[in-house]
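Me: Please take a close look at the pockets of this structure, above all at their linings. Keep it brisk.

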Amino acid sequence: MTFKLSTTAVAVSAAMLTLSAGTALASNGESLGSDPIRIVMPYGAGGSTDITARIIAANAAEHCGSRIDVVSMPGAGGMEGLQFVADAEPNGHTILMADYSATITQTLTEDTPWEVEDWVPIVHLTDWKPTVYVKADHDIQSIEDWIELAEAEPNSLVFGHADPLSLVHLPLVMLEQETGIQNVHLPTTGGGETRTMILGGHIDLGMTLPPSIVSNVNSGEVTAIGVFADERSDVLPDVPTFREAGYDVSFEAPLLVYAFSSVPESIQQELSECIMQGLETDTAQTMSTQASAGLDNVQGLESAQAIYRDTTQRVRDVLAAINQD
């Protein structure tokens, strides 16, 4: 396999959403101004990123001095969203929310007009734990079931995931390298579409993030079989890691808010601070808990950038390892 090296929506009440649409206290308005802020997601609506973005929109607006809108742009494998942010006026009113698959993996593997360093992380929100799941009545109900069936019948199982080499696909590639199993890979627009296809019985397995499926797991609709992380998910504590099952594959993904590098540093700092202020409120923390979004240890600009640098190097290493095969 060779790659070119060179990138349950949360039920926010109407009252909460009104917070994001209402007139804000423009304490930080001198630099940002009062025009709406757009959080662009390079994914389809309904997944874990969408959940988190709407919590930000509902709580950070009064601290940022303007309304915050959430915009989903999954086109062109997510590149449409990144291009939109890169081309926007550099005034801090168009920002990106994404994991490493958009800003790092696709930038390294596609011919893009930007470099990894052009994306400046301003807030580290949480770390996602990629999770494999199946419909509750599927023959596969554990990691061992999956490996056994995939070994016996190569390419007989259809695995749904978001964009190729994304955080919900790259761990699958790593597992296949370690075990030698083969699955049919089916890209989707994101966690929402993957979940719909699983529940409809159209695909065998899917990979998503715990907040996207926790309600489906609790209701008995789906079974989460394994987590690609060093430790189990707090959201799904009964689900083992792949390392527990004997497979040395773990790849958590930081969820970050980015400004493009053309945005002045003073505005980057203001955005970082006002988003963090909004997420520290009791209302935001309550919403985070209800949505299992994991926003209890949000970090600012300096920490976010250090995490981004570390993740960039790890992705480079994984892609190089894939290239050697």
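Reply: The lining of the second largest pocket divides into four nonpolar, three polar and six charged residues. Here Ala, Val, Leu, Ile, Met, Phe, Trp, Tyr, Cys and Pro count as nonpolar, Asp, Glu, Lys and Arg as charged, and the others, Gly among them, as polar. The model is predicted: local features need pLDDT of at least 70, side-chain atom pairs count only at pLDDT 80 or more, and totals for chains, interfaces and linings use all residues. Residues are numbered from 1 along each chain as its sequence is written, and side-chain values use heavy atoms, without hydrogens and water.

A pocket is an open set of points on a 1 Å grid over the protein atoms alone, where a 1.4 Å probe fits, with protein on both sides within 12 Å along at least five of seven lines; lining residues have an atom within 4 Å of a point. Volume is the space filled by probe spheres set on the points, which are joined across faces, edges and corners.

The second largest pocket holds about 190 Å³. It has 13 lining residues, and Asp127, Glu252, Pro254, Thr311 and Arg314 lie closest to its centre. Helix 13 (301-323) gives the largest share, four residues. Strand 4 and strand 10 (253-260) each supply at least two. Helices (H or I, at least four residues) and strands (E, at least two) are DSSP runs, numbered from the N terminus.

Now the largest pocket. Its volume is about 530 Å³. It is lined by 24 residues; Thr126, Asp127, Asp234, Gly294 and Asp296 lie nearest its centre. Strand 4 (119-128), helix 10 (210-218) and helix 12 (282-291) give two or more residues each. Strand 4 leads with five. The lining comprises seven nonpolar, 10 polar and seven charged residues. Asp127 is named among the central residues of both pockets.
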